[in-house]
Amino acid sequence: MTTRYKVMPGPEHFLPPSAASMGNSLPDPGQGHIHGSIVPEEQAMEEAAKQFLAAKVPTIFPGPLVLWAWNEKAAKKAKAIRHLFETLKDCVASTQTPMLIPMPDYRPKYPKINPEIEINPNHPNLTIWHNKIDACIFVGVHCHQANLSLKIIRGGTDCYTIAMCAQAGHEDAMLSVRDTTADKILRLADWVKKLKGTVEPPK
Amino acid sequence: MSKERIKIAPELFEIMPPEYQDLVDRATYGNETRGWKDIGNAKELIEEHSLCAGCPESMAFRYILASLPNPEDTVMVGSTGCTSLVFPHVAVHNIHSLFGNQNAIASGLKRALSVRFPDRHKDVVVLAGDGATVDIGLDMTLQAWFRQEKFTTICFDNELYANTGGQESGLMQKGFVAKMAPVGKTFEKVRLPEIARESGCHYVVNCTVSKPNLVEKVIKNAIHVAREIGPTYLQLYTPCILEIGKNSMEGLQEMRDSEKPTERFAYKEYVSEPAKELLTEIAAKEKERKAAAKKQLASQGA
Ligand SMILES: Cc1ncc(C[n+]2csc(CCOP(=O)(O)OP(=O)(O)O)c2C)c(N)n1
Ligand code: SF4
Ligand SMILES: [Mg+2]
């Protein structure tokens with residue numbers, strides 16, 4: 001297919017289409033995608049690190065699959081996420097504020113969510129607006145909730161979305177890699193370290 | 001059973017909102033003697049809710065959660081209505097079903113859980129309003145009982161459709177006029193407890209939620225009987241204070257008035273023969289456990 005729907009930072013409009021319905025397909029093992037175009041995984045990792053180093057408020061959103069120590073694999077991923085966050089803090093300029101905000105629950109929060117300290121997939125825009133987040137990584141969020149959330153973010157905010165997916169990748173993110181393990185998260189941290197100082201930080 | 005299953009990854013513990021940290025630190029999971037007295041101390045038993053202030057459903061909900069014998073291995077099935085506003089605050093697995101479908105969903109769920117976890121007790125508890133149970137979902141309610149599905153059905157009977165502004169329900173009293181039912185109900189309150197008994201339920205109780213210890217007892221009985229024998233049904237009066245024009249403090253008195261011996265929520269119970277046997281057995285074991293605990297305490301003190 002030659003024409004491809006470009007998954008770009010929004011605000012797109014109230015109900016952006018799902019990228020799959022526009023013909024975008026998921027990467028194969030060893031690949032990732034950037035704005036919907038399939039690329040080698042390493043290229044996607046490098047671009048993800050660049051986007052994070054260029055953002056004012058680069059934020060990691062860990063979901064229930066990694067927040068809770070379901071098993072050893074999950075606990076290892078949580079450790080890797082913490083390492084990625086600490087690396088990011090070491091590599092950004094003083095004008096940047098990296099954040100680590102959990103998505104502990106998928107259920108809508110009544111009567112209201114505290115957007116300073118958590119994100120909810122049913123209204124992720126509130127957390128993004130409140131903290132002025134301009135780039136984020138989803139990790140450990142179940143597919144359906146991630147896709148729902150990524151579409152809402154694209155619809156109502158200008159945040160750059162990255163999905164580190166444990167399964168086949170997320171076509172509704174602006175950038176995604178698949179088959180994410182703890183090692184892959186550590187590799188992204190390596191990319192951030194490697195690219196430190198090579199990306200123009202925000203004013 | 002224990003809290004082992006709800007551990008937060010240590011590296012991310014500190015970023016979790018306080019209610020999740022507290023849940024892990026102070027949940028009653030794994031505590032064999034958990035009950036309504038834990039309300040107020042344990043996070044999973046709902047601190048905040050989004051029902052009307054003073055709504056008896058909010059207390060009933062807490063009593064039920066505190067009384068589940070096996071909360072880590074319980075899945076609750078809800079339906080649309082005021083109850084569905086509370087489920088997001090509940091730290092027990094729950095499924096929101098399409099209005100009226102709750103007993104069909106619970107049937108499939110219970111069967112699937114039995115296949116998937118043959119060596120573990122997995123309790124399924126339906127909690128829905130009277131509109132969902134008796135009107136729109138009556139087919140699903142009855143069919144599950146006919147089929148002898150092994151789960152508990154709890155109906156929060158507030159005698160109307162509260163969540164949509166007060167329409168007539170099958171459990172509304174004859175002659176009652178509600179905001180969206182101005183003509184007044186023309187037929188009697190459906191006698192669902194009797195229908196439940198005739199449809200094969202092994203344990204049926206009709207009561208109010210004015211007494212927490214009583215609610216705890218009937219919930220535990222209903223779940224144990226459903227687990228071992230067959231369907232059980234509880235019809236709990238949780239008056240909609242908003243629709244009957246009472247203020248926040250008056251829910252309890254309304255329930256006390258309605259449970260007098262001649263009133264429609266006078267305590268009524270039906271227990272089948274096999275259920276009676278089971279409950280006697282459980283009571284004997286509980287007595288033994290208490291005696292052993294007392295003995296141990298005495299020996300520690302000596
Ligand atoms: C299939 C379907 N039909 C109708 C509705 C509209 N609806 C929402 S809540 C409700 C009434 C709920 O009444 P009840 O089950 O008694 O619960 P309560 O709110 O009184 O606790 C209705 C009819 C719906 N959500 N879904
Ligand atoms: S409308 Fe009635 S049943 Fe619903 S929350 Fe309010 S008082 Fe309770
Ligand atoms: Mg009702």
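How many Å separate the centres of domain 1 of chain B and domain 2 of chain B? I found 29 Å, taken over C-alpha atoms.

**Entry 1: basis.** I noted that this is a predicted model, in which local features need pLDDT of at least 70 and side-chain atom pairs count only at pLDDT 80 or more, while totals for chains, interfaces and linings use all residues. Residues are numbered from 1 along each chain as its sequence is written, chains are lettered from A in the order in which they are written, and side-chain values use heavy atoms, with hydrogens and water left out.

**Entry 2: the two domains of chain B.** I looked up the bounds, which come from an automatic or database domain assignment: domain 1 covers 51-271 and domain 2 covers 273-302. I read that 8 residues of domain 1 of chain B are in contact with 7 residues of domain 2 of chain B (heavy atoms within 4.5 Å). These domains bury about 620 Å² between them, 83% of it on carbon and sulfur atoms; buried area is the accessible area (1.4 Å probe) that two parts lose on being put together, summed over both. His224(B), Ile229(B) and Val271(B) supply 63% of the area that domain 1 of chain B buries against domain 2 of chain B.

**Entry 3: chain B against chain A.** I then found 24 residues of chain B in contact with 22 residues of chain A. The two chains bury about 1800 Å² between them, 66% of it on carbon and sulfur atoms. I located 1 salt bridge across this interface (a side-chain nitrogen of Lys or Arg within 4 Å of a carboxyl oxygen of Asp or Glu). Glu14(B) forms the salt bridge with Arg82(A), and the closest N and O atoms are 2.6 Å apart.
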